[in-house]
Amino acid sequence: MENTKRARKEKSRIRPSGETYVEPKDLLSGLERVREAARRDSQIQFTSLFHHITVDLLRESYQRLNPKAAPGVDDVTWAEYGNGLESRLPDLHDRVHNGHYRAKPSKRTYVPKDDGKQRPIGIAALEDKIVQHAVVQLLMQIYEEEFLGFSYGFRPGRSVHNALDAIWVGMTRRKVNWILDADVRNFFGELDHKWLLKFLEHRVGDPRILRLIKKWLRAGISEEGEWSRTVVGTPQGAVISPMLANIYLHYVLDLWVDQWRKKCAKGEVIIVRYADDFVIGFQYREDAERLQKELEERMQQFGLEMNSEKTRLIEFGRFAIENCAKRGEGKPETFDFLGFTHICAKTWKDGYFTVKRKSISKRLRRKVKEVGEKLNKMRHAPVPDQGKWLRSVIQGFFNLN
């Protein structure tokens, strides 16, 4: 009861510019009604959601965007759109509701990966970001009541820290002796639109919301001024993409694994998923090999493929150190997850099994280089300011290691 009262109160947040933004009570209560309906009935299909996309929700969505994010094909920044915001938002609201809103293609750019390759990123236009964020807020009310506990990526109140902690707890307190270090090949680029829409229709029956999502999926990509059509995938970097990815994998992976470990596994099975990255732990190798084979078949049914070069089944757990020593194999294999290498180890004091983690070597070298470049740019700043920034970087590093 107390939580409900607190949620209904007006919330204030400080924007980077210093002003305070207050969330309207009506906005909160409208979204909460959707959340409560989803909580009461896990089978309900929501046929009337579109009216929740109000000027207030669009304003809230604009306020929550990253003010420093790069502009899309419209070349409009967050600050520029904010000039005359109160006249722009009603116009955007009218276009969304009367069907005149048109999604713009995502601007293709690339960021370096740890393996030296380039990861394609899609940057949406500013108005597309606003409307996508508003739809995410609606979908979140429904799917936060449905998503399973081992899904951590891009969900409120959950973080990389939580996922890493879940791995540690699962490995040290459950009977886990084998790890399936899984990798889905080009997930965001191969996500099947037809299957995604079918999954959405289980809970979302409002055709206007579905049409909006179709517009974003089909808007295409603009790279160096050239437009290309998209028939599969969702741009990595788009505001709507993490939610769509979680919905897709909820039906393709999460529900399936959850049922598999209850009905098919002979021993304990744990799973931790963060977006399209996940690891699965097993008590018995027999279960691990069986699930790995069936997982490959499951993914293929929905247009996805496991990356055979990066997907590995390794011995990992409280007996791995002794077993590898008996076989003369040295130390157990390690696995990488969410930027960290996970290592079988023992506590220094009493020799109990634990999981040690350290930053992936390539990522650590890149981070050290970035810190050096940042400090070089800050060399004329006051020494206390430099120290404060560097302390925050170091503290963040030790919090995760």
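**Figure 1. Phe 340 and its bridge partner Ser 359 in strand 13.** The model shown is predicted: local features require pLDDT of at least 70, side-chain atom pairs count only at pLDDT 80 or more, and totals for chains, interfaces and linings use all residues. Residues are numbered from 1 along each chain as its sequence is written, and side-chain values use heavy atoms, with hydrogens and water left out. Helices (H or I, at least four residues) and strands (E, at least two) are DSSP runs numbered from the N terminus, and two strands pair if DSSP finds at least two bridges between them. Strand 12 (residues 340-346) pairs with strand 13 in the antiparallel sense, over 7 bridges.

**Figure 2. The open sheet of 3 strands, in the order 11-12-13.** Pairing in this sheet is antiparallel. Strand 11 (335-337) and strand 13 (353-359) are the edge strands; each has a single partner strand, so one side of each lacks a neighbour in the sheet. From one strand to the next, the twist averages 40 degrees. Strands of a sheet pair through backbone hydrogen bonds, either parallel or antiparallel. Strand 11 is joined to strand 12 by 3 bridges, and Phe 337 has Phe 340 as its bridge partner in strand 12. Their hairpin has 2 residues between the strands, and in this hairpin Leu 338 takes a positive phi near 55 degrees. Helix 7 (residues 160-173) lies across strand 11, strand 12 and strand 13, and runs at about 155 degrees to strand 13. Axes are lines fitted to C-alpha atoms, for helices over the stretch in contact, and angles run from 0 to 180 degrees between N-to-C directions.

**Figure 3. The packing of helix 3 against helix 6.** The two helices pack at an angle of about 110 degrees, with their axes 8 Å apart. Helix 3 and helix 6 are therefore roughly perpendicular to each other; angles under 35 degrees count as roughly parallel, over 145 as roughly antiparallel, 65 to 115 as roughly perpendicular and the rest as oblique. The crossing is right-handed. A crossing is left-handed if the near helix is turned anticlockwise from the far one by less than a right angle, and right-handed if clockwise. In helix 3 and helix 6, the residues in contact include Leu 57 and Tyr 62 of helix 3, and Ile 130 and Ala 134 of helix 6, where contact means heavy atoms within 4.5 Å. The contact residues divide into 7 nonpolar, 3 polar and 1 charged. Ala, Val, Leu, Ile, Met, Phe, Trp, Tyr, Cys and Pro count as nonpolar, Asp, Glu, Lys and Arg as charged, and the others, Gly among them, as polar. Helix 3 (residues 55-64) is mostly covered, with 7 of its 10 residues buried; among them are Arg 59, Glu 60 and Gln 63.

**Figure 4. Helix 6 beside helix 11.** The axes of helix 6 (residues 126-143) and helix 11 (residues 241-263) come within 11 Å and cross at roughly 25 degrees. Helix 6 and helix 11 are therefore roughly parallel to each other, and their crossing is left-handed. Val 136, Leu 139, Met 140 and Tyr 143 of helix 6 meet Met 243, Ile 247 and Tyr 251 of helix 11. The residues of this contact divide into 7 nonpolar, no polar and no charged.

**Figure 5. Loop residues Ala 275, Asp 75 and Glu 224.** Most residues other than glycine have a negative phi, and most peptide bonds are trans. Ala 275, in the loop between strand 8 (269-274) and strand 9 (277-282), has a positive phi of about 55 degrees and is buried, with a relative accessible area of 7%. Asp 75, in the loop between helix 3 and helix 4 (78-82), has a positive phi near 60 degrees. Glu 224 is found in the loop between strand 6 (221-223) and strand 7 (226-228) and is exposed, with a relative accessible area of 80%. The C-alpha atoms of Glu 224 and Arg 108 are separated by 8.0 Å, although these residues are 116 residues apart along the chain.

Conventions. Buried means under 20% relative accessible area, exposed over 50%, partly exposed in between (1.4 Å probe, protein chains only).
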